Amino acid sequence: MDLEKPHQVKSSALPFHPVQMAIVGLGLISGVLYFFNFRLQVFFEENHLVVLSGIHFYVFLFLILSLLYLTGIYLVFKYRIIWVRSRSLVPIIILFAMLFRTFLIPADPEVLSGDMYRYIWDGRIQQNGTNPYRYPPNANELKSQRDDHIYPHINRKSYPTLYPAGAQLFFRLFHMIVGDNVSGYKGLMTLFDMLTLFVLLALLRVCRYDGWRLLIYAWNPLVIFEIAYSGHLEGLTVFWMVLACYLSATHRHVPGAAALAVSSAIKFYPALLLPALLNRGQRIKGGLAFAVTILLLYVPFLGAGRKVSGFLPLYLQNPYESFNLGLKSVMVQLLPQIDYSSFSIVFLLGLAAAGLYVFCKNKQPHLIIRYAFILMGLLVVLMPASLHPWYVIILIPFLCFYPAVAWLLFSCMVTLSYLKYVSPTGIMPAWIPMLEYGLLFALLAGGSIIGWILKHRRGSAFAPRHKDIYVLTRL
């Protein structure tokens with residue numbers, strides 16, 4: 001499947017291009033599924049059609065939506081729409097993307113994740129004057145703040161919060177606006193995700209890419225479910241990350257570094273992108289802007305002293321978090337005599353080396369996106385701790401620029417890891433990581449080999465359209 005090769009379509013007298021009509025049809029079918037979501041499970045059970053657990057039904061629904069999503073991507077890339085009509089396609093994509101997200105906001109998120117309840121708890125205790133890093137939810141000091149609506153659903157009650165200072169400030173802001181309302185929190189998180197669509201569209205235009213490529217992020221089921229349904233922090237994290245890329249691509253490197261600092265203070269891993277965003281002449285100023293922004297965000301919580309890191313150190317320790325790891329799991333099985341934590345150190349050093357290499361490069365706007373994508377791809381492959389499905393969202397905006405089939409399929413298969421929670425043994429079935437990572441690595445390796453052969457045998461005149469796309473970016 002070649003996503004870069006255009007296919008000429010005969011002109012039509014219809015008021016809409018046939019591909020546009022097909023996209024609308026896919027959007028309507030997807031919209032029905034998003035609207036009914038888990039209510040379809042109840043319908044199936046009441047009519048004795050099939051009985052599935054919530055997670056089994058979710059995986060089934062997700063795979064159907066992924067098929068519709070991939071079909072839409074295939075159509076818009078294979079049958080390239082002329083510029084005039086492609087502009088009319090972008091509003092259709094955005095309208096359906098907003099509807100998909102809006103339909104999921106009222107749904108109860110507990111089938112997949114209870115993280116939203118911890119967000120609300122952290123926001124609540126801040127509003128009541130308590131530093132969230134100081135006490136775990138089950139501490140006697142917080143007994144008066146427990147209730148029957150939020151507290152029972154909190155995970156890891158015996159540990160202080162895991163989330164960094166930037167996330168905590170947004171938790172407090174959200175609590176000021178919507179209180180303990182779960183749907184309200186999800187709505188605000190989804191609002192930032194919707195804003196991401198417009199910033200990403202502006203970034204596509206800066207880099208001179210067609211706007212309808214936004215479909216890759218806007219309709220991705222992983223993005224939609226994990227943010228609008230589960231309310232995960234990626235709604236905030238990705239917004240600030242894409243904004244940072246946009247500011248840097250428009251030669252505003254210092255504000256871009258500050259925006260990336262906000263993203264990194266919500267979830268730490270976007271910090272890896274700093275080398276990709278900074279250019280010669282702006283590295284000192286940008287680095288200072290990043291560091292100062294991080295420090296300022298942590299100032300309100302420094303009263304917790306050494307506890308300001310919260311639950312994070314324990315979270316990263318072996319083997320507390322080792323969910324759905326790819327390359328690390330393979331290495332542990334191949335070299336069991338080596339300490340588990342040693343692989344984390346090696347992988348972190350590998351990421352640091354990649355960041356240093358990118359840091360030394362001089363980057364035009366499109367190269368900023370290329371290097372950022374490569375670094376995020378390496379992060380997913382070399383993840384030293386757990387790779388929960390929603391972590392992959394950080395990679396998906398870059399697929400709008402480099403629509404690698406390997407990563408598109410991975411974003412649609414990573415949700416299979418949820419089946420671990422309904423496994424009779426409590427252990428993830430071996431076929432799941434083999435399918436997820438086996439296909440990913442096979443496609444990446446195959447694409448790299450094919451690209452190398454084409455480049456060296458045919459010469460530069462017959463090289464792929466984007467000559468700067470390598471292992472992580474194209475088949």
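Guide: A helix here is a DSSP run (H or I) of at least four residues, and helices are numbered from the N terminus. The model is a predicted one.

Visitor: How many helices does the protein chain have?

Guide: Of the 475 residues of the protein chain, 55% count as buried, and the accessible surface comes to about 20600 Å², with 66% of that area belonging to carbon and sulfur atoms. Among the contacts with a separation of 6 or more, 77% join residues 24 or more positions apart. As for secondary structure, the chain has zero strands, and the number of helices is 20.

Visitor: How far apart are the end C-alpha atoms of helix α7?

Guide: Helix α7 covers residues 182–206, and its 25 residues, at 1.5 Å a residue, should span 36 Å.

Visitor: Which residue caps the N-terminal end of α7?

Guide: The cap is made by a side-chain oxygen that lies 3.0 Å from the backbone nitrogen of serine 183. The residue that supplies this oxygen is asparagine 181.

Visitor: Which residue forms a salt bridge with arginine 124?

Guide: Side chains of opposite charge can pair when their charged atoms come close. Arginine 124, which counts as buried at 7% relative accessibility, has a partner whose closest O atom is 3.0 Å from its N atom. Arginine 124 lies in helix α5 and the partner in the loop between α6 and α7, so the pair ties together parts that are 56 residues apart in sequence. The partner, partly exposed with a relative accessible area of 26%, is aspartate 180.

Visitor: Which residues are linked in a network of salt bridges?

Guide: The structure holds five salt bridges, and the pairing of arginine 124 with aspartate 180 belongs to a network that also takes in a further aspartate. The members of this network are Arg124, Asp147 and Asp180.

Visitor: What separates arginine 118 and aspartate 122 in helix α5, in terms of helical turns?

Guide: The side chains of arginine 118 and aspartate 122 meet in a salt bridge, at 3.4 Å from N to O, and both residues are buried, arginine 118 with a relative accessible area of 4% and aspartate 122 with 1%. An α-helix has 3.6 residues a turn, so residues three or four places apart point the same way. Because arginine 118 and aspartate 122 are four residues apart in helix α5, their separation is about one helical turn.

Visitor: Are glutamate 234 and lysine 267 buried or exposed?

Guide: The side chains of glutamate 234 and lysine 267 meet in a salt bridge of 2.9 Å, N to O. This pair links distant parts of the chain, 33 residues apart, with glutamate 234 in helix α10 and lysine 267 in the loop between α11 and α12. Both residues are buried.

Visitor: Which residues does threonine 237 touch, not counting residues up to four places away in sequence?

Guide: Threonine 237 is found in helix α10, residues 234–249. Its relative accessible area is 0%, under the 20% cut-off, and therefore it is buried. The residues touching threonine 237 are Ser263, Ile266, Lys267, Pro270 and Ile394.

Visitor: How far from the C-alpha atom of isoleucine 369 is that of leucine 273?

Guide: Leucine 273 lies in the loop between α11 and α12 and is buried, with a relative accessible area of 0%. Its contacts beyond four places in sequence include Met241, Leu260, Ala372 and Phe398. Isoleucine 369 is 96 residues away along the chain, and the two C-alpha atoms are separated by 9.8 Å.

Definitions and conventions: Residues numbered from 1 in each chain as written. Predicted model: local features only at pLDDT ≥ 70, side-chain atom pairs only at ≥ 80, totals over all residues. Heavy atoms only, no water. Helix = DSSP H or I, 4+ residues; strand = E, 2+ residues; numbered from the N terminus. Expected span 1.5 Å × (residues − 1). Polar contact = N/O pair within 3.5 Å; in protein donor to acceptor, adjacent residues only side chain to side chain. Buried < 20%, exposed > 50% of the residue type's maximum accessible area, 1.4 Å probe, protein only. Contact = heavy atoms within 4.5 Å. Areas by Shrake-Rupley, 256 points an atom, 1.4 Å probe, with all protein chains shown as cover. Salt bridge = Lys/Arg side-chain N within 4 Å of Asp/Glu carboxyl O.
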